Amino acid sequence: MKLGIVGKGGVGKTTISALIAQTYAARGLRVLAVDTDSNPNLALSLGLDPAAADQVPVLPRALVVGSGDGAVTPANLLARYGVRTPSDVTLLNAMAITQAGAG
Amino acid sequence: MRSLLGAAIEEEADITLVDMEAGLEHLSRSGGTLAYADVLLMIMEPSRKSILTAARTIALARELGIPQVYGVGNKARLPDDLEFFESVAAEYAVPLAGIVPHDADVVEADRRGHILIEGKGDPVKDAVREIIDFVDRALVPAT
């Protein structure tokens, strides 16, 4: 199930996204949380400290819009770019998708 | 054609949350993987600007074919803001998935850059659980 969280800047999207993600994870579901902001803050809201948050790799645009070269499987993608947060939510940074000409 | 991320979302996760900080319009230019959702939650606060942003999102969500769109009233100081959100929901004919109260623990956690620890922000955590229950019920196919 894919859940999108949208709203004007500052309304609390990231805080609510993190809480929703953590609540589902606590129920034993496999939860993926995707940050699309050029200033990615979901990592902090999910419990990573600032240093760890800075280390979250950015998913290349090609893997978001394309099917890859066949060598990378979906599981590989998560293993390589996903970061497991303290509450068991897997975080992905997709900020490249919003940067024109990036990737 | 499904993207690799799209495949990962389908095969490797039960729930995928996309924090659309970039905005629905921005994401829709980059293909469906991130822009399309089964359920879209529009977070609002007690400000007309956030309502207008949500109103613009509704139209785009319909164009993109997102089947279920709900509002969430955040930072609500009750009871006035509850009335505000309910009247907005009626005005735009968008159901509310929940109301999240304004909470000093959340403000403090944000100030410090910390998450909400055990015992802090319980009214907010309860509100989030209710939102999830609403979404889960909404996803059950009508019989």
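Two strands pair if DSSP finds at least two bridges between them. Helices (H or I, at least four residues) and strands (E, at least two) are DSSP runs, numbered from the N terminus.

This is a predicted model: local features need pLDDT of at least 70, side-chain atom pairs count only at pLDDT 80 or more, and totals for chains, interfaces and linings use all residues. Residues are numbered from 1 along each chain as its sequence is written, while chains are lettered from A and ligands numbered from 1 in the order in which they are written.

**Exercise 1. Trace the parallel strands of chain B around E3(B).**

Step 1. Start with the elements. Chain B has seven helices and four strands. Along the sequence, they follow the pattern α-β-α-α-β-α-β-α-β-α-α.

Step 2. Pair the strands E2 (residues 39–44) and E3 of chain B. They run parallel and are joined by six bridges. Val39(B) has Gln68(B) in E3(B) as its bridge partner. Between E2(B) and E3(B), the chain passes through helix H4 (residues 48–64) of chain B, and this β-α-β crossover is right-handed. Right-handed means that, with the strands pointing away from the viewer, the path from the first strand over the helix to the second runs clockwise.

Step 3. Move on to strand E4 (residues 96–101) of chain B. Four bridges pair E4(B) with E3(B), again in the parallel sense. Here Gly73(B) has Ile99(B) as its bridge partner. Helix H5 (residues 80–92) of chain B carries the chain from E3(B) to E4(B), in a right-handed β-α-β crossover.

**Exercise 2. Decide how covered strand E3 of chain B is.**

Step 1. A residue is buried if 20 or more other C-beta atoms lie within 10 Å of its own, exposed if 12 or fewer, and partly exposed in between; C-beta atoms are placed from the backbone.

Step 2. Count. In E3(B), residues 68–76, seven of the nine residues are buried, and the strand is mostly covered. For chain B as a whole, 43% of its 143 residues count as buried.

**Exercise 3. Which helix gives the most to the side of chain B that touches chain A?**

Step 1. Size the contact. It takes 57 residues from chain B and 49 from chain A.

Step 2. Name the helix. H7(B) gives the most, with eight residues. H7(B) spans 122–139.

Step 3. Sort the residues of the chain B side. They divide into 33 nonpolar, twelve polar and twelve charged. Ala, Val, Leu, Ile, Met, Phe, Trp, Tyr, Cys and Pro count as nonpolar, Asp, Glu, Lys and Arg as charged, and the others, Gly among them, as polar.

Step 4. Look for strand pairing between the chains. Five bridges join E2(A) to E1(B), and these strands run parallel. Val31(A) has Ile15(B) as its bridge partner in E1(B).

Definitions and conventions:
Contact = placed C-beta atoms within 7 Å.
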